[in-house]
Structure formats: C-alpha cells, structure tokens
Amino acid sequence: MKVSQDFSEFLRGFNSQKFKELWPPQAYVLGKYSEEFKDKPDVAIELPTGAGKTLISLLIAETWRSAGKKVAILSANKTLARQMLAETRELGIPAVLMEGKAEQIPSKDKRDYQRAGKIAVMNYWVYFNQNPVVDPADLLVLDDAHLAEHCLHSLWSVEISRFEHKDLFKALVTELVNRFPEYVVLQDALSDETPPTTAPELLSFIDQVNVASRLKEIIDASSLLKTNMDLKFRWSRMRNSLNESNIYLSLDSIWIRPYVYPLLNNDHYSGASQRLYMSATIGQPSDLCRRLGTKRIEKIPVPEEFSQATVGRRLIVMNRIEDDDIPTRLQAAILAALKKCPKSVWMCTSRVQAEKFRTMVSEWLSKNGVTGDQTWLLSNLGDEIDQFKVAKNGHLFVGGRFDGMDFQGDQCRLVVIATLPRAINAQEEFLCEYLRDSGFMRRRLNQRIVQALGRCNRAPDDYAVYILADRRFATHFGRESNREGISRNVVAEIDMAEEMAEIDVSDLERKVEDFLSGSFSEHDQSVKQMLASVPVTANTPDFPDVAEDEVVAWAAMFSSQNYGVAAEKFKACWEWARGAGLVELGAYYGWCWAKALYLKSLLGDTAAKEQAFQIFEQAIARGGISSWFNRMRASLNRARGQAITSVAVDVEEYLQSIVRAFDKKLEELGTRGNRFENWCNKLTVDLDSKRHKEYVCGLKIFGELLGYDSSSPKNNSATDCQWRGIFGNLKEVFTYEAKIEDNPSAKVTASDIGQAHNQIARAKKEYENLGYVIRGSIVTHLGELMPDAESSAGEIRVIQKQAVQELWKCVKQLLSEYRASWSLDDINTRRRAFIPIRPKLPPSGWLLRALDSDLRILTTKVVLKEWKL
C-alpha cells in the first residue's frame with residue numbers, strides 16, 4: 001500500500017493547534033516506516049513514554065484510511081480508548097469510538113468504519129470476541145500491545161477460582177487429589193490454613209486425558225453455569241479443547257488454557273494486511289509473539305538518543321532487606337508522600353494480592369490517622385481509572401497489570417510497587433519455579449518494572465515518588481545484568497535509590513517532602529552524578545528464540561487438532577534448546593512434543609503412543625532435579641502400568657526440596673556483597689535469642705531453608721511454628737512450641753506439655769485425613785521436665801535449643817559450599833555445584849525418625865544423626 005513519504009508535510013496539512021511539527025523521534029520512526037516497514041505484516045514501534053507514539057500511530061492510520069482501507073485502533077480499556085479519540089480530534093482526522101455491547105454500537109458508526117470513512121477506536125474486547133461486531137481491519141493498531149493478552153485470557157481460557165467459585169473449585173480439587181495424590185499443590189489447596197509458598201503445577205497431559213471426562217461432568221453440573229455468565233461462556237469455548245489445553249493447578253485456582261493463545265488463527269487478526277504494535281516496552285518482539293500468539297514481529301530500530309530518553313523526574317525509594325508487606329522504613333516514606341499528595345496507586349502481581357493489600361493498607365492508613373479515603377480495585381475494563389483521576393484523595397489497587405493507565409500532574413504522584421512482578425499468573429509462576437532457564441521471563445520482569453516506573457511520568461514537568469516495597473528489588477538490581485532494557489536515566493535513579501537505602505528515616509522523609517514540594521536541586525544533582533557512572537550500552541538485540549515455532553505448534557494443536565504439525569514444531573523447539581544448552585525449558589519442549597504425539601495416538605495411531613512415552617521419558621530425564629518432573633515420572637509410570645518406587649521418589653523429592661530452598665535463598669541474596677553474610681548472622685542471632693518473637697521468626701526461616709513449608713500462625717491458640725512437607729509419598733507435619741525464656745522451676749512444665757498436645761491435636765484435625773504424619777515437640781534451653789510434665793508428655797519430644805543451633809551451623813556450611821560454585825543464570829552450573837554437597841544431606845524422613853527416638857530429650861547427636869558432615 002502506498003504510504004506518504006513525507007509525514008512532516010502530511011502533518012502540516014491538518015493545521016492542528018496541538019500537533020504542529022514532528023519531534024525528532026517521531027520523524028525518525030515515520031521515515032523508517034515509509035522506507036522499510038510499510039509493507040511488512042507485523043511491525044512493532046517502541047519509544048519511551050512521552051516520545052509521541054500516539055501521533056505516529058494516528059498519522060500511519062490516516063494514510064491507510066485515506067487510501068480507502070479500514071483502520072482499527074485498539075486500546076487496553078475505555079479510558080485509553082477515549083483518550084485516543086480525543087487525540088484524533090486534536091489532530092483533525094475522522095474517527096469513531098465503539099464501546100459497549102454489540103447492540104449499543106450504532107449502525108452508522110459501523111458503516112463509517114467499514115467503508116473507510118472513519119478510523120474506529122475501541123478496546124480489545126470489542127474487536128476480539130466470539131461474535132465480532134465489525135469486519136476485520138486492513139490496518140490493525142494495537143496500543144499498549146502487551147495488554148491485548150488480558151483480552152485473550154477471556155477468549156481462550158477458563159479459571160475456576162477458590163474464592164469466586166468455591167464449591168466448584170473444591171469439587172475439582174478433591175477429584176484430582178484422589179486420583180493424583182503426588183501433586184503437592186492439590187493437597188494444600190484443600191487446607192484451610194495453607195502457607196502461601198506452594199508453587200503452581202502443570203497437570204501431566206496423560207493424567208489430563210484420563211480425568212477430562214470427569215472434569216467435564218463436574219463443571220457441566222455446576223449451578224454456577226446458570227448464574228455466572230462469564231464462566232458459562234468461557235467454559236463453552238474451552239470445553240471441546242480440554243485435552244489440547246494445559247491445566248495449571250494453584251492454591252487459588254485451576255486455570256485451563258493453551259500455553260500460547262491461537263490468535264494466529266483468528267480471522268480478525270489474520271485478516272489485517274498489517275498489524276502495528278505500539279508500546280514503550282515492546283522488549284523482545286519474539287516474546288510478544290509468544291504472549292499473544294502472533295506471526296513474527298519486526299521492531300523498527302531506534303537510535304539510543306531516542307530510545308533512552310525519559311520524561312519528568314522520579315524519586316525511587318527501595319526496600320533494604322525487610323520482610324514486612326509495608327516495611328517500617330517505607331511506611332514513613334509513604335506517609336510523608338501522602339501528606340503532600342493524598343493519592344496513591346498500589347501495583348501487585350495478582351488480583352488476590354491487590355485485594356489483600358487493599359484491606360491491609362486501608363487498616364494501616366486508618367491506624368495512622370488517614371481516614372475516609374476511598375479505595376478502588378481495578379477491573380479488566382478499567383472504569384475505576386477515571387474515578388480515581390478526578391478524586392481529591394484515595395488509593396487505586398491494581399493486580400497483574402503495570403501499564404495501560406496514565407496519571408499526569410496531580411492525578412497521582414505516588415506509586416507503590418508492592419511485589420516484585422516476576423510472575424503475574426499461574427502459568428508464569430510455573431515457568432519461574434520449574435523452567436528457570438526461560439530467559440524471557442527475566443526480561444518480562446524488567447519490562448514490568450519499566451512500565452510501573454512510568455505511570456505518573458507522562459510529561460516533561462511530571463514528578464512522582466515510586467516505592468519498591470519488595471525486598472527482592474534490591475537483590476534483583478544488585479546485578480548489572482538485571483538492568484537490561486532499562487534506560488540510563490532510570491538506572492541512575494535506581495542507583496540513587498540504592499544509596500538512599502541506608503540513610504536515616506528522618507532524612508528519607510525530608511527527601512520525599514522536598515521532592516513533592518517541587519524542590520529538585522538536590523535530586524537533580526544526585527541523578528546527574530549517578531548518571532556519569534552508568535555505562536552506555538547498545539540497544540538490546542533480539543535473543544535467538546523459537547517463539548514462531550511455539551506459536552505455530554500450539555495453534556495447530558489447540559485450534560485445528562493437527563497433532564502431526566504440532567509434534568514437528570515442538571521437536572524443532574526441543575532440538576534448538578538442546579543446542580542452546582537450555583535444560584529445564586528444553587525439557588518442557590520435550591513435554592509438549594510428547595503431548596502432541598500422545599493426542600495423536602488417541603486418534604488410532606498406536607505407534608505414536610510409544611513414541612510419546614519415549615519422548616516423555618527423555619524430557620523427564622532432561623528436567624533432572626525438579627519435583628515437577630518427578631511427578632511427571634509418576635504419571636508416566638501409571639500409564640505404563642509400572643509400580644512407583646516410593647522410597648526412591650521420596651529421597652529424590654526431599655533432596656530437590658533442599659536444593660530448591662537453597663536456590664531461592666541465593667536468588668534472593670545474590671552471591672556478591674555482604675547480603676548473604678548479614679542474613680546468616682541475623683538467623684544465627686534469632687536462633688540464639690531469648691526473645692520469643694525473634695526465636696520463632698528464626699525457626700520459621702530455618703524450616704523454609706530445610707525444604708519445608710514453614711509458617712507461624714497468628715492465632716493465640718496456634719502453634720508457635722509449623723513445618724510441613726510432602727516428599728513423594730511421605731507427608732509430614734511438625735509442630736513446635738518454643739520455650740526459650742527462663743521460668744522459676746528451670747524445667748519444662750506440665751502446662752508447656754499441654755500446649756504442645758493441643759497443637760498436635762489441631763494439626764491432626766487439619767492434616768491427618770489427608771495422609772500426613774504429625775509429630776509435636778518443644779524447643780527449649782531447659783534440660784529437664786517436671787515429674788508431672790514427664791508423665792503427661794506421651795508422644796511429645798523436647799528438642800534442645802543447642803541442637804537446633806548446631807543443625808543451623810551444618811546447614812550454613814553446606815549452603816556456603818553450594819554458593820561458592822553457584823550461578824544465578826546457568827542451571828547446569830547449579831547442578832554441578834549440588835554434586836559435592838548431595839552426599840552430605842540426609843534422606844527424607846530424617847526428622848521424623850529423630851522425633852520417633854525413644855529418648856524424651858533430643859540432643860545434637862540425635863538430631864544430626866543422618867547428616868553426613
């Protein structure tokens with residue numbers, strides 16, 4: 001299609017009062033588009049916030065429309081669609097806004113669009129739906145392109161929520177756990193007091209096929225389908241593709257979806273001659289292709305002078321190593337900011353997290369004298385954004401989104417990024433937990449951080465405070481390689497936040513107050529100094545990837561059930577990953593390859609079944625030290641009719657739990673600087689403490705490091721600390737009463753024993769029917785029991801406090817040895833680092849056997865008996 005070669009002249013022809021001349025970045029990108037990209041089917045344009053992407057998209061759109069082509073511009077929500085319509089009017093091009101249900105859109109507006117009389121502006125849900133309202137566009141502009149994924153969730157996934165669909169969720173989980181008890185997350189999802197640490201899992205495709213008809217029966221019979229129209233329509237779209245989907249199991253939901261959405265096969269996507277993807281954070285086009293399910297996307301290259309520019313000022317305040325949801329030091333900064341500008345946006349990784357923070361922050365503000373403020377929880381369509389913008393005060397809570405909302409001037413000047421946006425849904429959590437060498441997930445994390453740090457910086461005179469509340473931000477930015485894709489100006493602001501992390505609270509409050517009062521001299525000078533030390537780096541190249549093969553494979557398998565094509569493409573992914581040295585991601589590609597072959601075998605191809613089993617076996621072997629791949633082995637053995645050797649599985653599961661716990665701690669603390677030693681010293685102090693709260697905190701953290709789900713229930717009648725683990729067929733719960741203060745008798749009393757018995761009874765009531773073995777103990781420095789305590793102790797064991805301290809010394813030594821050869825980025829290096837410490841670790845059940853000793857008081861010798869140091 002012919003595109004205007006001189007966009008500057010084209011713009012002047014509109015005589016717009018707002019848009020008079022192209023800015024240099026706009027002129028450069030439009031020139032490149034005319035010269036090299038006007039005929040390419042999928043084009044991405046990435047420029048920083050405030051660089052003028054909207055005008056670029058409108059000028060390209062109008063050249064198409066004026067040539068008689070249908071043009072649709074899609075936005076993430078109604079607010080942004082209305083903003084886009086306002087910009088079309090400022091420029092002076094004909095456009096129409098389409099919003100609401102099909103019957104609410106006037107026929108004239110549809111005709112104007114479909115006859116190329118006007119550009120159609122709408123949100124993603126209006127354009128992409130089961131019964132499209134309008135014809136496919138010739139030019140399709142996707143603004144804030146990543147947010148199209150939220151619309152695709154509603155088209156090609158169904159989520160059964162623990163909260164919104166309580167009875168249905170419980171019925172499905174009960175059915176699954178009875179059939180497949182090895183999935184830890186299913187056991188935990190049935191518990192009323194579940195620690196929030198169990199990672200989502202992916203159901204084996206073999207188990208999925210075997211249980212599919214029963215799942216359909218349960219969901220079909222649910223009364224929710226009569227009252228919940230969203231659930232009904234989603235299920236009706238997914239029901240006949242259940243085998244081809246993935247089923248993710250988490251504590252809060254069962255999510256049924258293909259790994260890659262089949263947008264490729266959607267007529268309203270494929271019918272366009274060109275698709276234009278606009279965003280300040282396109283990142284790697286290949287990953288955008290994977291997230292949306294599109295054809296190959298080419299990004300217009302932009303010089304650093306344009307790509308690195310930022311607008312306005314940011315004062316970034318970073319958590320140090322405090323664990324609280326709102327650390328004490330950050331509370332002071334937030335309250336100081338709210339005194340100046342009484343509005344805030346809280347960005348969380350999920351809706352569940354956003355709801356939690358909404359409740360918690362409201363209570364916290366009330367305790368600190370901030371009362372009467374309205375709060376909003378952002379919905380998919382985003383109607384709450386406009387309400388928040390016009391309010392004089394209040395707080396907006398956002399789950400799973402970090403762009404698609406713009407706040408200018410006094411609309412908001414405080415953003416709290418409550419949790420590290422490592423993963424924003426169950427599929428991403430699964431990827432981060434079990435496919436740790438999927439590098440695209442690290443790049444998504446940085447995209448979201450960049451998106452969040454731009455929400456209140458829309459114009460050159462904007463300024464805002466950004467609170468990085470999660471302590472993992474400090475660890476993440478502690479490595480230079482983790483700043484990939486972040487502009488130099490923002491890197492300098494992050495450097496300044498690291499420097500400020502150690503200043504006194506009073507100084508921090510003053511800096512926040514000065515900044516929000518418009519006193520920028522100190523801030524600007526500090527940023528200038530930091531910027532001088534930030535290295536100049538070239539624009540990040542697109543990493544080698546197989547996203548195109550993944551997209552084709554999943555579209556073939558999910559949409560057309562062409563399992564042969566899917567298998568060929570997954571095989572190509574498997575071979576590419578092997579060549580690239582990707583272990584866990586490569587194993588997942590093997591899993592997908594085996595899945596395609598297994599589904600092919602259900603059509604009568606008997607040879608495909610054995611081939612599927614062979615590939616599945618290879619994928620499991622490649623997956624190595626991963627508890628999820630062990631569960632895949634149990635599934636494969638069931639399918640082959642082989643017995644599962646529980647002892648071997650139990651041992652492997654516990655060793656994997658230990659190494660996973662070590663990995664998580666080192667990912668949090670890093671391998672450089674003094675964070676590791678400081679953390680170790682703090683745990684040593686806690687486990688030596690005579691203060692009850694400190695000791696219980698240390699015991700909880702120590703349990704996590706030993707591979708258990710560890711918790712400290714808040715109820716007064718609850719146990720001080722509880723460790724819970726599932727290692728293959730072995731399920732354990734240990735309750736601890738901490739008696740570390742001196743008492744007049746200097747002995748364990750009958751009252752102490754009674755408390756321990758109560759905690760065992762509570763644990764048995766909750767867990768015994770799920771197959772757990774429960775043991776209770778008292779941890780204490782006291783060396784004797786009163787006679788009445790001894791006579792009533794029964795199964796209670798007393799663990800010497802010193803024994804716990806000695807165990808920690810041993811674990812610290814092993815963790816330090818592992819850390820010495822450990823790598824954050826290389827899974828193979830981690831595996832090699834684990835080899836020398838593996839023989840020193842105990843087999844599963846070591847603690848159970850220690851607590852089953854005939855001795856009442858367990859010394860260091862008893863507790864460390866199976867640790868081979």
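This is a predicted model: local features need pLDDT of at least 70, side-chain atom pairs count only at pLDDT 80 or more; totals for chains, interfaces and linings use all residues.
Residues are numbered from 1 along each chain as its sequence is written, and side-chain values use heavy atoms, with hydrogens and water left out.

The secondary structure of the chain amounts to 38 helices and 23 strands, these being DSSP runs numbered from the N terminus (helices are H or I with at least four residues, strands are E with at least two). The radius of gyration is 29 Å, close to the 29 Å that the globule rule gives for 869 residues, so the chain is as compact as a globular protein of that length; the radius is taken over C-alpha atoms, and the rule is 2.2 Å times the number of residues to the power 0.38. Along its principal axes, the C-alpha trace spans about 95 × 75 × 50 Å.

Of the 869 residues, 58% count as buried, where buried means under 20% relative accessible area, exposed means over 50%, and partly exposed lies in between (1.4 Å probe, protein chains only). The accessible surface of the chain comes to about 34,000 Å², with 48% of it belonging to carbon and sulfur atoms, as computed by the Shrake-Rupley method with a 1.4 Å probe. Among contacts (heavy atoms within 4.5 Å) with a separation of 6 or more, 73% are accounted for by residues 24 or more positions apart.

In soluble globular proteins, nonpolar side chains tend to be buried together. In this chain the largest nonpolar core has 123 residues, and those with the most contacts inside it are Tyr127, Phe128, Ile254, Tyr277 and Tyr588; such a core is a set of buried Ala, Val, Leu, Ile, Met, Phe, Trp, Tyr and Cys residues joined through side-chain atoms within 4.5 Å. Helix H27, covering residues 584–601, gives the most to this core, with 12 residues. Residues up to four places away in sequence being left aside, Tyr588 touches Leu202, Asn246, Tyr248, Tyr259, Leu435, Trp554 and Phe629. A second, separate core of 73 residues includes Leu315, Ile316, Cys412 and Ile424.

Phe7 has its place in helix H1 and is buried, with a relative accessible area of 4%. Neighbours within four places in sequence aside, Phe7 is in contact with Leu22, Leu30, Ser34, Leu59, Ile60 and Thr63, and its C-alpha atom is separated by 8.9 Å from that of Ser34, 27 residues apart along the chain. Ser8 also lies in helix H1, but is partly exposed, with a relative accessible area of 23%.

Two loop residues call for attention to their backbone angles. Most residues other than glycine have a negative phi. Asn15, in the loop between helix H1 (7–12) and helix H2 (24–37), has a positive phi near 55° and counts as exposed at 62% relative accessibility. Ala116 likewise has a positive phi, of about 60°, and is found in the loop between helix H5 (107–114) and strand S4 (119–123), yet Ala116 counts as buried at 8% relative accessibility.
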